[in-house]
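Dear colleague,

Please find below the structure that I am handing over to you. The findings follow directly after it.

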Amino acid sequence: MTVSRSLTAGAGTQTTALAFSGETPVGDTTASEEYDGTTWTAGGTMTTARESLAGTGTQTAALAISGIPGGAGVEVEEYNGTSWTAGGSLPLSKAGCAASGTQTLALAFGGNPVNSVGNQTLFYDGTTWTAGGNMSTARGNLAGCGTQTSALAFGGNTAASPTTTATEEFTGGGATITLTTS
Amino acid sequence: MATYTNIQGQNILIVSSDPANPIQGQIWYNTTSNALKAYADVGAWATGGSLSTARRLLAGAGTQTSGLAAGGEGSTATEEYDGTSWTAGGALPAARERNAGAGTQTAALTMGGESGG
């Protein structure tokens, strides 16, 4: 990559990937870079520089989620292969979370502070975030993969331990509920 | 005051039978049952097989039944998940933590990070 970075996020495939934001030796960056399987080239510049963010999607339809300092940590940005625009804000900061799915059907889970958001799951529909079922092991700095309705969470740190081997599998499943009857 | 239409960009559906494929948060009025209904998908987490190497600040790739864990604090370890258990994959050439991942279990990419210790 052109910009050395850690606590960064990525999306895409092995030969069509995107790396964005993260911590550099001189501070957090707004830079994104696109990979074609051989070389990295500069992508669009993000609005909010941050680290410990999560990413999902593809090189041309990516999603950047939370991160610190990143303002309030609720910032979400969407990439279209050229530029980044604001997405729907998270209801709360989830820096150090993991994500799965696509830009318009995403899942964010875990994150810091572990005691308050580490077990929480959020659905994204391309506009707004809604709460999903909680993980059993609250954790931050974990990894994840999969889709919005079939995700995998693994590793990370819990409130009690700096590392964990815990793995959890998410299965989406909805139900129709009756709000009122006449 | 914001209305449902203001927020969702559409009116509440009025239908005689429930939608076949409702989406998260969708609301409709069923004239047959005379009820206001909604679709809520909260999903559920279940315990999977444990990683062999406990770690944080690692990268992930793949799917729920074909996942990949790579690196993490002070680690060169790669592990592959088959939907039930993790087994060792090819080690990274050097320890890498705070990295990102992309791709599939068999064609993955790790980006950025630190060498760690």
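How many bridges join β18(A) to β19(A), and do they run parallel or antiparallel? The two strands run antiparallel and are joined by 5 bridges. Here strands (E, at least two residues) are DSSP runs numbered from the N terminus, and two strands pair if DSSP finds at least two bridges between them.

Before going further, please note that this is a predicted model, in which local features need pLDDT of at least 70, side-chain atom pairs count only at pLDDT 80 or more, and totals for chains, interfaces and linings use all residues. Residues are numbered from 1 along each chain as its sequence is written, while chains are lettered from A and ligands numbered from 1 in the order in which they are written.

β17(A) and β18(A) run antiparallel, joined by 4 bridges, and they form a hairpin with 3 residues between them. Of the 5 residues of β18(A), 4 are buried (20 or more other C-beta atoms within 10 Å of a residue's own, with C-beta atoms placed from the backbone).

The contact between the chains takes 58 residues from chain A and 49 residues from chain B, two residues being in contact if their C-beta atoms, placed from the backbone, lie within 7 Å. Among the strands of chain A that each supply at least two residues to this side are β17 (143-146), β18 (150-154) and β19 (167-171). β20(A) gives the most, with 8 residues. The side of chain A that touches chain B divides into 21 nonpolar, 33 polar and 4 charged residues; Ala, Val, Leu, Ile, Met, Phe, Trp, Tyr, Cys and Pro count as nonpolar, Asp, Glu, Lys and Arg as charged, and the others, Gly among them, as polar.

Elsewhere in chain A, 4 strands form an open antiparallel sheet in the order β8-β9-β11-β12. β8 (54-58) and β12 (84-86) of chain A stand at the edges with a single partner strand each, so one side of each is left without a neighbour in the sheet. β11 (residues 76-79) of chain A pairs with β12(A) over 3 bridges in the antiparallel sense, and Glu77(A) has Ala86(A) as its bridge partner there.

Yours sincerely

Methods. Buried ≥ 20, exposed ≤ 12 C-beta atoms within 10 Å, placed from the backbone.
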